[in-house]
Amino acid sequence: MIVFDIEGRLPGCNEYIAECRKNAHAGAKCKADAESMIMWQLGTVPKIEGEVIFRFEWREKNRRRDKDNVAFAKKFIFDALQKAGKLENDGNRNVAGFEDTFIYGASEGVRVYVYAADEQEGGAGAKGQC
């Protein structure tokens, strides 16, 4: 299992859509800024190989943002992992599934757990259940 933290608030779906509606360049900048922030924090994360399951533990100060809005940021995380050379691809051959949990009242960020697909049996995110 691999565990790593990304500190800070990542843009949610609503923030990203708002930037895209301004113009294409603003949306691209929002995505690039989020990916840069993530990649800067991936220094010691080992290369993720094989078919894996991700568990995202989202930390939010309050309940103002909807869960699906917050969890949208996994797209930025997957893309940053690929750009940093930590994940070969975020397609179906490499990502067997993912699970989102939420903690409120904590500092903002996300803790990411990465399991080999055959390491986690049963429950959400198990192979064949995503």
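**Exercise 1. Charges over rings**

Over the face of which ring does K67 lie, and at what distance from the ring centre?

*Solution.* The model is predicted: local features need pLDDT of at least 70, side-chain atom pairs count only at pLDDT 80 or more, and totals for chains, interfaces and linings use all residues. Residues are numbered from 1 along each chain as its sequence is written, and side-chain values use heavy atoms, with hydrogens and water left out. Apply the criterion: a charge sits over a ring if NZ of Lys or CZ of Arg is within 6 Å of the ring centre and within 35 degrees of the ring normal. K67 lies over the face of F102, at 5.6 Å from the ring centre. R55 lies over the face of Y113, at 4.0 Å from the ring centre.

**Exercise 2. Aromatic pairs**

Classify the pair Y16 and F76, then the pair F54 and F56.

*Solution.* Rings of Phe, Tyr and Trp (its six-membered ring) pair if their centres lie within 6.5 Å; planes under 30 degrees apart count as stacked, over 60 as edge-to-face and the rest as tilted. The structure holds eight aromatic pairs. For Y16 and F76, the centres are 5.7 Å apart and the planes stand at 75 degrees, an edge-to-face pair. Y16 belongs to helix 1 (residues 13–22) and F76 to helix 4 (residues 74–83), so the pair ties together parts 60 residues apart in sequence; helices are DSSP runs (H or I, at least four residues), numbered from the N terminus. For F54 and F56, the centres lie 5.8 Å apart and the planes at 10 degrees, so this pair is stacked. Ring pairs also link F54 and F56 with W58, F78 and F98 into a cluster.

Next, consider burial (buried means under 20% relative accessible area, exposed over 50%, partly exposed in between; 1.4 Å probe, protein chains only). F76, at 1% relative accessibility, counts as buried. F54 and F56 are buried.

**Exercise 3. Cysteines**

Determine how many disulfides the structure has.

*Solution.* A disulfide is a pair of cysteine sulfur atoms within 2.5 Å. By this rule the count is zero. For C13, the nearest cysteine sulfur is that of C20, 9.1 Å away. C13 is partly exposed, with a relative accessible area of 21%. For C30, the nearest cysteine sulfur is again that of C20, 7.2 Å away. C30 is buried, with a relative accessible area of 13%.

Key. Helices (H or I, at least four residues) and strands (E, at least two) are DSSP runs, numbered from the N terminus.
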